[in-house]
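Subject: A structure for you to look at

Hi there,

Here is the structure I promised to pass on to you. Please open it next to this email and follow along as you read.

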Amino acid sequence: MIIERSSEWAEGFAKRLENVEPWDNWTLYNMSYDIAKNNLITEFTGLQSPKYLTSLKPLEHQLQVAETVIERMNGKAILADEVGLGKTIEAGLILKEYLVRGLVKKALILAPASLINQWLEELHYKFYIPAVPYKKNTPLELCDVVVLSMDTAKKSPHRELIFEQDYDMIIIDEAHKLKNHKTKIYEFVQSLKKKFCLLLTATPVQNDVFELFNLISLLKPGHLGNFEAFQSAFSASKHDLEHDDYLKELVNQVMVRNRRQDTGIEWTNRQVNILPIQFTNEEKEVYEMIMNLKNISPVFSGAFSMITLQKEMCSSKEATFLTLNKMRQNCTNPEENASVENVMQKLMALEINSKAEKTYEIISRAKDKVIIFTEYKASQAYLQWYLHTKGITSVLFNGKFNKNKRDWMKHLFKEHAQVLIATESGGEGINLQFCHHVINYDLPWNPMKLEQRIGRVHRLGQEHDVHIYNLAIENTIEIDILQLLYKKIDVFEKVVGDLDDILSAFKQTI
Amino acid sequence: MYPQQVQQYLRTFFSENNCEIVVDTDHYLTVQLTIDMDKRIMNRPYYWQYVETTGGVPNPTQLTLITDQTKLNDNVRGELVYFGSPRLGQLFQATHEMGAFIEMFEQVDEKINRPILTPWLGVNYKISYYSNQTKEMLHSLGVNLMNGHITKDFHATLGDMNITPAKPQNAFLLPYIIKPIRGLERLDGVVENLIQQDDHSWADQAKKRWQRDIRVLEFFYEGVDEKPECYEMEKKALQQQYEPRIKIEIINGGLFYLK
């Protein structure tokens, strides 16, 4: 076995014996011994870190996660608690424990740019870990704990600078961004040495089970077998899973997941309503005209652009118009051009937006703060205007806002406006516990995005039942999206475990 | 460590280092650092370089340290110090460095003619076991430099004695037969013996975990002829994660002349 020792003390002692340097002070000698005795880590197991963290009262489930990860998973794990249960705290506890135990000297934390400040603050104030944000010219060799964004990390020259360092621990927040093994960031993380590694995500499965395979293969290659073996055992169809119990067990060896009801904390309920909406006859006509465009021009024959248009038409004419106008410019044939223009005219002549009306109805019934999520910026702007005409004040929010602007918008929403209208990218990294009505004006393809949205309000500190309104227009693509969402949730529940109500159990309401 | 203990610690630390304590309450203290202490803990080498090269008047810092914010009612500005805070960690480190080597004498009754004091070498060891987990132990050992007799819990026995840094005037110090450096080698040997006799199932278990994870990794790359770079890196990571190792450190120690 390797035994490390240093001759430093012996050398210093020799100097005192030869009277080259003076002897030290007896009181300090005793103090030094007492400190060593008090800080001694007497057991392999158990957490040392909480006694160092005087300004943090970790919750029971957070302590349990830290212990499980360190003692059962040997410091390599996916932290997959539901949104709002404090994954950052858990990661902080684990990092602190390894720092205290001397097993980690240098740690690298990758987080979305919008969450970097939050990480730094939590590490500083809750964990007393002097983490440094990475900037150009940050001397990495001198900084023990560094936080930077994945986008920066994967690019030259940063990536080379990172590879030169020897990190003992890698923490990756919002790790579902690594679900695709063909991306640059995946390859980057794969090439990092991972002695201890934490992947944080509330949504380890978003679309299919291969995403989970990719995540786990980053963490512990081979744990789910190699790709071929995994594929033949678990695929056939991407959505159906045999052997789920076996897979679930393997997954649970590297993943911890707490659900709200496991935490012993009293959570308010989620009331999920799916509200089917009828198009007006005019809207319906335009929707069908758009569908018909694929028979008129090859520009519209691509499935992807058609789906985009359909989704936009379910959102607002403003969103539809932008895309339609752009695509019209690709039409070379004047006849095609004319028919597209005809559709556009019809579109702009529409006076009623059924969904917006429904939204107004919900807001006026709620008589309270409401968050609206939409997928399109044009719809976001339209909704603000529309609500303004109804005398309802609103603020806009999107994820590209810098920290100051975010805080300011949050403040405006809290103090002055009734409604916050956010685009998809506003879903991460803002906490709005003071509000308990969420309208999903457009539905995303991905159920976990819905979960992220709801998690903004349904988290620790929420005092009311949370009302969620999912809007879907009948006889349109939105109903298909809804069905696909159910299917994906099913995959998730088979492999990972139950999900809180995202969509509502009342499928029959559609 | 509770706020009161931190307060007590700071008080002792600074007064032992000749820093004047200007204000002392139960929840904060203001201390005038000496030049030496300023250089040691204030981290401003350029300032001191500047003062020394220009021959300016040195102005060491006056530091206010708050140990219990909840009791703070007057308008005191200062640095919060608590268990786990960087400042306290730094002072612990300073204490470690400034309390490493000692020479002490047991006091004797003045009426006794030529009392004899025997030299001892006392050393406090810290042993750490590392794999993907850690455990630490303290061993305080003493060796009689006349006859080579070794005692454990040496530091604890000193607590009951009346010992001071000054040699009693009338005492006769036996010249050591075993040189202190040789004594240190003997104690090092004792520590190694203690380690050898200890239960090392922790290391066996770590090796088992290591082997198991290597098998998992091999499975991932089964059938791949030319293994990519990340295969070697994963292997290295596993080694660093699990490989058992032991570290021996000396916290402090010194010469003790005892009856």
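Predicted model: local features only at pLDDT ≥ 70, side-chain atom pairs only at ≥ 80, totals over all residues.

Residues are numbered from 1 along each chain as its sequence is written, chains are lettered from A and ligands numbered from 1 in the order in which they are written, and side-chain values use heavy atoms, with hydrogens and water left out.

**Aromatic pairs**

Rings of Phe, Tyr and Trp (its six-membered ring) pair if their centres lie within 6.5 Å; planes under 30 degrees apart count as stacked, over 60 as edge-to-face, and the rest as tilted. The whole structure holds 26 aromatic pairs over all chains. In one of them, W9(A) and F13(A) are stacked, with 4.8 Å from centre to centre and 15° between the planes. These two residues sit 4 residues apart in helix α1 (residues 8–17) of chain A, so about one helical turn separates them. Helices (H or I, at least four residues) and strands (E, at least two) are DSSP runs, numbered from the N terminus. W9(A) is buried at 7% relative accessible area, and F13(A) is buried at 0%.

Y221(B) is in the loop between α7 and α8 (229–242) of chain B and Y231(B) is in helix α8 of chain B, 10 residues apart, and the pair links distant parts of the chain. Are they buried or exposed? Y221(B) is buried, at 7% relative accessibility, and Y231(B) is buried too, at 6%.

Ring pairs also link Y52(A), Y9(B), F13(B), F14(B), F83(B) and F92(B) into a cluster.

**Salt bridges**

Side chains of opposite charge can pair when their charged atoms come close. Here a salt bridge is a side-chain nitrogen of Lys or Arg within 4 Å of a carboxyl oxygen of Asp or Glu, and a search of the whole structure gives 32 of them over all chains.

R245(B) is partly exposed, with 23% relative accessible area, and E4(A) is partly exposed with 31%. R245(B) also has its charged end over the ring of Y130(B), 4.5 Å from the ring centre. For a charge to sit over a ring, NZ of Lys or CZ of Arg must be within 6 Å of the ring centre and within 35 degrees of the ring normal. R44(B) lies over the face of Y47(B) as well, at 4.1 Å from the ring centre.

Another salt bridge is formed by D213(B) and K220(A), at 3.4 Å, N to O. D213(B) lies in helix α7 (residues 201–220) of chain B and K220(A) in the loop between α9 (209–219) and α10 (227–234) of chain A, so this pair joins two chains. Both D213(B) and K220(A) are buried. A network of salt bridges links R5(A), D188(B) and E192(B).

**Sheets**

Two strands pair if DSSP finds at least two bridges between them. In chain A, 7 strands form an open sheet with parallel pairing, in the order β4-β5-β3-β6-β7-β2-β8. Its edge strands, β4 (132–133) and β8 (255–256) of chain A, each pair on one side only. Strand β2 (residues 76–79) of chain A pairs with β8(A) in the parallel sense over 2 bridges, and I78(A) has M255(A) in β8(A) as its bridge partner.

In chain B, 4 strands form an open sheet with mixed pairing, in the order β1-β2-β3-β4. The edge strands there are β1 (20–24) and β4 (79–80) of chain B, each pairing on one side only.

Enjoy exploring!

Technical notes. Buried < 20%, exposed > 50% of the residue type's maximum accessible area, 1.4 Å probe, protein only.
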